Amino acid sequence: MVKPWCIISRNNKKKALTILVASILCAGIPITASASHPSITPQTIHSLTVLSDSEKIRIGDRIANVEDEINRLLPLLTLAEKVSLIHAAGKFHIPAIERLGIHEMWMSDGPHGVRYEIDRNSWAPAGWTNDYSTYLPPLTAVAASWDENMASLHGNVLGAEARHRNKDLILGPGVNLARLPLYGRNFEYMGEDPFLAARLVVPAVKAIQANDVGATVKHFALNTQELNRTGVNANPDERTLREVYLPAFEAAVKQANVHAIMGAYNEFRGTNANQSKHLVKTILKGEWGYQGVLLTDWNVDINTYDAAMNGLDIEMGTDVASFDEYFMAKPLLAMINDGKIPVSVLDDKVARILRVQLSIGMMDKQRLSGERNTDSHRQDARTIATNGVVLLKNDNQILPLQASKVHNLLVLGPNADKRHGFGGGSSEVKALYEMTPLDGLKAKLGDKVNITLMRPAGSQFMPIPNDYLTTRHWTGTPSWQINYYQDAAMSQLASESWIADPQFDAKGQNQSVEIKANIKPMATGNHSFNIKADGQVALFINDKPLITPSKAQSNKIMSTSMSLVAGENYAVSLRYYGDKQATLGWETPNSLYNSESEYLAAAKKADAVIYFGGLSHADDRESIDRPNMVLPGQQDEVISKLLSANPNTIVMMIGGSAVEMPWANKAKALLWGWYGGMEAGNAYADILFGDANPSGKMPITLPKKLTDTAPIALNDYNAETSLYSEGVFIGYRWFEQQHIAPEFPFGHGLSYSQFNYADMRISSASMSGDTPLTVSVNITNTSHVDGAEVVQLYLRDVDSSVPRPIKELKGFNKVWLKAGETQTAQFILTQRDLSFWDVKSNNWLAESGEFEIMLGASVADIKLSTKFNYLTSSRNPD
Ligand code: BGC
């Protein structure tokens, strides 16, 4: 309770107590931030005001003028309190200044569901039992919907659930672009195109923030690989930066008024992105006029002076013993006291923090309280998942399946019954439930259909599947630990890491490694451990040698067996010394896998066969890039054999990044499902059985092979520097420029309906200055099924003075049409849409001359086009 003598009116400053008097008289009332920062002492403030509850509430009656409140609160804060606010006071929060009614500001991952509660001061789970959240489809699925309404639904669920969990900032959405298919975090983002991501981030942010929660758009900027993510130096040219990698951030700032932006781990032109003068001071806070906060990604090495002076506002997650040791704590205070950093720089950061807090109602008793795990949120998750499914092929109209004609359904593949929510890294979600594809089919078909699940075994030697692992990488993924030693005797550890499978390739160099994990058998009985290796191997189970160091040859399999008990944990350790490969496999009493003859015979007999393959968060996740674009687990072989045995096999890929699909021309029905969130299975079943009509379009190009992609073709993917050598030719722009045919182009996606494009019109034969041009086209659903078409507008600058892409996406419009219905799709082209970043004038430039507008169903399927003239060459700052 506030003691009466501590209630000091802000209007009566003369009576304000000195800090000393206040701290004696008001014992128990937290008047400084030094409780959590004991060594930071106020040095410049001589009196401290303690606001009464009624005054705090007065502050909180939904602030009409945020700026006035900031100006009133700022002088009341001590220097130490201000410093305390600009860095973490726990894993996911900054501190409170209770005497002024400033509360702790809490943040939470992540981009597709509020993450489970993490301990206040460590990465350990807090152990809550009430921290389940709706697991939404990741943002790649939103991007695949090409629908701003889906982005809004997504943002609204995220915002409402974050609020319900008492969070102030949600750490998403992520808008880095999918430049490289191998990048482990592509699934968290919105595809490869700057225009698509910029259009979708706006409704997503607005919807989050409508719930009195701040969105945090991340990672600013150029976080496009996980390989050496904290060290790689991103060094694109200025035009590429402006035209490709910044527009989504720019849109979030200018059009959605986003409250927070998170910096990136990587360097930008030789300095950490969080403290880059060019990115932060010049562009974000200068040119764009950003008024919110910039916070670091968790645990980056910043330099106090540069970070402070160049505009970083909050430091989070630094890996030091005490919060006082953060770069923006004691070192910053010292620089202020030494006069190296002006107090005004600190004041600006605090003002921004207060601005966010006031804007999201943190000092407001009327703040929205949110809601979580509601039926409507689950329904929204299902709607988004359904809208994100892309139908890549449907020869002979195999799909949709008719439930009445399917009596025996064979379901196969590694993703048929896999759950993905609790994986992927910081975006993991603890969902109340997750409907797998198999669950969805069972729920839809009930007892009427006989559903058989099979896990086809590949013909190659198989590593122990990670379904049996209890060892988890920090991203939640079942993984094997790998220790690299300096010596063959394994006495001197060199480094430690994680791998998905007990499989090692020394790539011709003598290496000494231990691969270990805990495994839990599913059946009791004799298990035979098989090692296929070339070199020196040993095997230990629970520290007992089963195979003592022996010489192995790759053409011979070494086997040993042991009786194991179902449900018990066994520590397995494979040790290898050599310059070739080693794989640890096993045979269990009840194999999880079906032999080739078994699954092919079943595929021939079944009325319908659906294979759910693709990636999982074992290989598609934060902290790693995939080593190649090949489907893991011998899937290519299995799919090819299935397609030969039963050509009507339906293949559905689940994953956040492109994979090579060498069998694609053989498949008649092929779909892409992303990680569909907790309702994935229901959404997929709706599409497969025609209760929903697919309407998604690829937000990424699906290349035929990895070497076709720009970063690999240009040898611009490594741990040191990324030059973004392809420039503005990211994704489909590269494929078009190089005349490389992808497996499936950007923007591609079929429907159970057919659409006709007719009567393209433009509002004027020419455009000038900043007067927009309207483009219209009539779209007719010529089929008997209601459906939606995403009409895409691509632009070509015919007379450009600089190299420009053959096509640049500059508009899209998802049109829902009843069978037989016609509607007009409209697009507005602005001067900015015509512009490129002119490095000479450091500004956007729309050059006069001819432009071509192309309307189509994908970048490679242009239906109609026309040309117009832009008359005035003109620069525009927006
Ligand atoms: C990730 C961020 C995430 C943060 C907090 C980092 O490793 O890059 O995206 O928000 O951790 O968990």
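An oxygen atom of the ligand lies 2.7 Å from an N or O atom in the side chain of His-219. That is a polar contact (a pair of N or O atoms within 3.5 Å). Taken alone, the ligand exposes 310 Å², and the protein buries 97% of that area. Accessible areas follow the Shrake-Rupley method with a 1.4 Å probe.

This is a predicted model, in which local features need pLDDT of at least 70, side-chain atom pairs count only at pLDDT 80 or more, and totals for chains, interfaces and linings use all residues. Residues are numbered from 1 along each chain as its sequence is written, and side-chain values use heavy atoms, with hydrogens and water left out.

**The ligand site**

There are 15 residues around the ligand. Each has a heavy atom within 4 Å of it. Asp-109, Arg-185, His-219, Asp-297 and Glu-622 come nearest.

| Residue | Distance to a ligand oxygen atom |
|---|---|
| Arg-115 | 3.3 Å |
| Arg-185 | 2.7 Å |
| His-219 | 2.7 Å |

**The nonpolar cores**

The largest nonpolar core has 126 residues. Such a core is a set of buried Ala, Val, Leu, Ile, Met, Phe, Trp, Tyr and Cys residues joined through side-chain atoms within 4.5 Å. Buried means under 20% relative accessible area, exposed over 50%, and partly exposed in between (1.4 Å probe, protein chains only). Phe-220 and Leu-295 touch the most other members. Helix H7 (residues 194-209) supplies the largest share of this core, 10 residues. Apart from this core lies another, of 75 residues, including Leu-399 and Ala-680.

What does Phe-220 contact, beyond its neighbours within four places in sequence? Its partners include Leu-246, Phe-249, Trp-288 and Leu-294. Contact here means heavy atoms within 4.5 Å.

**Strands and sheets**

Helices (H or I, at least four residues) and strands (E, at least two) are DSSP runs, numbered from the N terminus. Two strands pair if DSSP finds at least two bridges between them.

Strand E7 (residues 233-234) pairs with E28 in the parallel sense over 2 bridges. There, Ala-234 stands opposite Ser-722.

Strand E32 (residues 787-797) has 10 of its 11 residues buried, so it is largely enclosed by the rest of the structure. It runs antiparallel to strand E33 (residues 808-817), joined by 9 bridges. Leu-795 has Glu-808 as its bridge partner in E33. E32 also pairs with strand E37 (residues 849-858), antiparallel over 6 bridges. Here Arg-796 stands opposite Glu-852.

Terms used. Polar contact = N/O pair within 3.5 Å; in protein donor to acceptor, adjacent residues only side chain to side chain.
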